[in-house]
Amino acid sequence: SVMYYKDHTKPYTTLQDANIEIELMDMESNEIEGKIIIWEGDFDYILSQIPLNNKGEYSALAYHHNIDFPWYCVEPEYWSMDCLEESLEQIRYVKDRIEDGFRKEICEDILKIIYQAIDRGNAVLIRRY
């Protein structure tokens with residue numbers, strides 16, 4: 001199968017900022033089945049738009065963005081996304097509310113990877129580099 005690959009960092013190549021890599025990994029074969037690369041600024045913006053849950057708490061992706069921060073110091077290799085169903089809902093929420101077409105497209109790609117992970121029982125790995 002052809003690996004799904006999308007690089008969303010092209011507008012920012014002159015910046016020396018970090019990027020975020022999100023991978024769909026088959027845990028049995030350890031093969032990467034999909035990968036998207038996002039400028040850290042876009043990733044941060046998208047995660048910053050996730051609201052508190054109905055208990056008034058940060059959960060799933062919002063937890064890692066606001067509480068467990070900086071998560072990449074705790075998990076220098078990569079961080080395996082937990083709460084996939086809830087993370088999917090969070091990104092969908094943001095996608096439906098942001099005006100920026102470019103960031104909407106990034107949300108769609110993140111959704112695609114999380115959805116496939118849920119569907120296939122794969123892992124979503126995130127790393128900053």
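How are α1 and α5 oriented to each other, roughly parallel or roughly perpendicular? They are roughly perpendicular, a label used for angles of 65 to 115 degrees. Helix α1 (residues 40-48) and α5 pack at about 80 degrees, and their axes are 11 Å apart. Axes here are lines fitted to C-alpha atoms, for helices over the stretch in contact, and angles run from 0 to 180 degrees between N-to-C directions. Helices (H or I, at least four residues) and strands (E, at least two) are DSSP runs, numbered from the N terminus.

Keep in mind that this is a predicted model, where local features need pLDDT of at least 70, side-chain atom pairs count only at pLDDT 80 or more, and totals for chains, interfaces and linings use all residues. Residues are numbered from 1 along each chain as its sequence is written, and side-chain values use heavy atoms, leaving out hydrogens and water.

So who touches whom? G41, D42, Y45 and I46 of α1 meet F102, R103, I106 and C107 of α5, with contact meaning heavy atoms within 4.5 Å.

Now look at α5 (residues 101-120) with another partner, α4 (residues 84-97): here the angle is about 160 degrees, and the axes are 9 Å apart. That makes the two helices roughly antiparallel, the label for angles over 145 degrees. Among the α4 residues in this contact are L88 and I91, and among those of α5 are I110 and L111.

E21 and K35 join their side chains in a salt bridge, 3.6 Å from N to O (a side-chain nitrogen of Lys or Arg within 4 Å of a carboxyl oxygen of Asp or Glu). Because E21 sits in strand β2 and K35 in strand β3, the pair ties together parts 14 residues apart in sequence. The whole structure has ten salt bridges.

How far can you trust the picture? The chain averages a pLDDT (the predictor's confidence in each residue, from 0 to 100) of 92. Confidence is lowest in helix α3, at a mean of 72, and highest in α4, at 98.

Methods:
Parallel < 35°, antiparallel > 145°, perpendicular 65-115°, else oblique.
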